[in-house]
Amino acid sequence: MLSTRLAHWMGRRGLHYGWLVAAITFLTALSSSAALGLPGALLKPLSHEFGWSVDQISTALAVRFALFGLMGPFSALLMERFGLRNVMVTALAVIAAGLGLVRQMTDFWQLVLLLGVMLGVGSGMTALVLNAVVANRWFEQRRGLVMGLLTASSATGQLVFLPIGTWLIEHGGWRMALLPVMASCALVAVLALLFVRDHPQELGLAPYGGDTTVPPVVPARAPVSIRTPFTTLASVRADRVFWVLFGSFFICGLSTNGLIQTHFISLCGDAGLGAVPAASVLAMMGTFDLVGTILSGWLSDRYDSRYLLCWYYGVRGLSLAWLPSADFTLTGLSLFAMFYGLDWIATVPPTVKLAAQAWGKRAPMIFGWVFAGHQLGAAVAAYGAGRIRTISFSYSPALYTAAAACGVAALIVLAGRRRVAAPVPVAEGAVN
């Protein structure tokens, strides 16, 4: 088997195969995040071609965020039932198919189906839950760092694809801009098919940093069903830590993906800044977020995650409150890009760390529900900001509302008291 031979070749050179699985996971999240972020650059081109209003298009884009999040708990179930590799390949195929078919659309319902439902379901099949599962299964040590690296892939997706996409929109039309993301999804699907394995034990390995003296045994599949995500949710319905993380992550999604990722190019257009320069600012945010999220993973291994989250939400709120009064030039927006970009998704590693501390082996599926809160917040902002823009002809009220919400999040995360989970039998529906 190719993966077995490669694992042995890497082992002889002091490299653990888990790093290759993490790299392909990084590329998977990069491609899906690029697909998820690209529609933000399509608001005005679609409006001009089809005559749809910004809030109409925002409705379709809100659907993708909602499904992206709601798939989170079920993605953990799918990975347990069908394996990491099969889920990754299927997700990338669904995303590529949706982007390919949208090039032929003529009616609004097709936009909702293709960029709303198919893109939301495809990207949601992996989402951040994939990162958490890979980090937990393949790594005993460096989990925080690995989670930071994998989470940063969403920023890298914008960094690589969005400026290219906006340039292609201006020079070749919005349909041309979809091709690089489609090609990336196809290429990464092939890599996942060839090299990804569900557990290190399948290759005769222990997780990175794990006990190599114990003979590796492939873990038995947990007895899970479609009811498992719902019973898992019911088990934490009275857990304060869950609602603190769910509520703060709702605000996280509202103030990032839903607002800035979806509407930033349109916002800059209202201020007279072209799509390509605006996309360059988003790419700059991606650069800073790549650094900030990796650093956040490193910090979450060393410091109390509650205080990290308080700092992150506070800085983000101040950045959003300042944006309406910013000088909408590349120079003025660069300052915003730096402060806002550093903690765009730096909130993820400490949130995952708090989840692991609270729920142990059950954490991936419970985190799936926490992540659902993130994307529900994104859906609210994607639709709400578009609606506010249509009514008031300005995004400023949406920005001030998001800034105030970040202030609330900075306070409530301090209530997420750290505690260590009691051991939970795998039969309860855990995802290792």
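1. Let's start with a pair of helices. Helix α2 (residues 18-37) packs against helix α5 (residues 84-102) at an angle of about 25°, and their axes are 11 Å apart. That angle makes α2 roughly parallel to α5; the label goes to angles under 35 degrees, while over 145 is roughly antiparallel, 65 to 115 roughly perpendicular and the rest oblique. Axes here are lines fitted to C-alpha atoms, for helices over the stretch in contact, with angles from 0 to 180 degrees between N-to-C directions. Helices themselves are DSSP runs (H or I, at least four residues), strands are E runs of at least two, and numbering goes from the N terminus.

2. A word on the source. This is a predicted model, where local features need pLDDT of at least 70 and side-chain atom pairs count only at pLDDT 80 or more, though totals for chains, interfaces and linings use all residues. Residues are numbered from 1 along each chain as its sequence is written, and side-chain values use heavy atoms, with hydrogens and water left out.

3. Back to the first pair. The crossing of α2 and α5 is left-handed (the near helix is turned anticlockwise from the far one by less than a right angle; clockwise would be right-handed). On the α2 side, I24, T25, T28, S31, S32 and A35 make the contact, and on the α5 side M88, L92, I95 and L99 do; contact means heavy atoms within 4.5 Å. Sorted by class, the contact of α2 with α5 has six nonpolar, four polar and no charged residues. Nonpolar covers Ala, Val, Leu, Ile, Met, Phe, Trp, Tyr, Cys and Pro, charged covers Asp, Glu, Lys and Arg, and the others, Gly among them, are polar.

4. Now try α4 and α6. Helix α4 (residues 54-82) packs with helix α6 (residues 108-124) at an angle of about 25°, their axes 7 Å apart, and the two are therefore roughly parallel to each other. α4 passes α6 in a right-handed crossing. Residues from α4 that take part include I57, A60, L67 and G72, and they meet a set in α6 that includes F108, L115, G116 and G120. By class, the contact of α4 with α6 has 13 nonpolar, seven polar and one charged residues.

5. While you're in α6, look at Q110, which lies in that helix. Is Q110 buried or exposed? At 17% relative accessibility, Q110 counts as buried (buried is under 20% relative accessible area, exposed over 50%, partly exposed in between, with a 1.4 Å probe and protein chains only). Leaving aside residues up to four places away in sequence, Q110 touches M105 and L115.

6. F393 has a positive phi of about 60° although it is not a glycine, whereas most residues other than glycine have a negative phi. F393 sits in the loop between α19 (363-392) and α20 (396-412), and is exposed, with a relative accessible area of 66%.

7. In α20 you can find L411, which counts as exposed at 61% relative accessibility. L411 and R306 are 105 residues apart in sequence, yet 9.7 Å apart in space, C-alpha to C-alpha.

8. Finally, zoom out. The protein chain has 20 helices and zero strands, and buried residues make up 57% of its 432 residues. Among contacts between residues at least 6 apart in sequence, 85% join residues at least 24 apart. The C-alpha atoms fill a box of roughly 65 × 45 × 40 Å along the principal axes.
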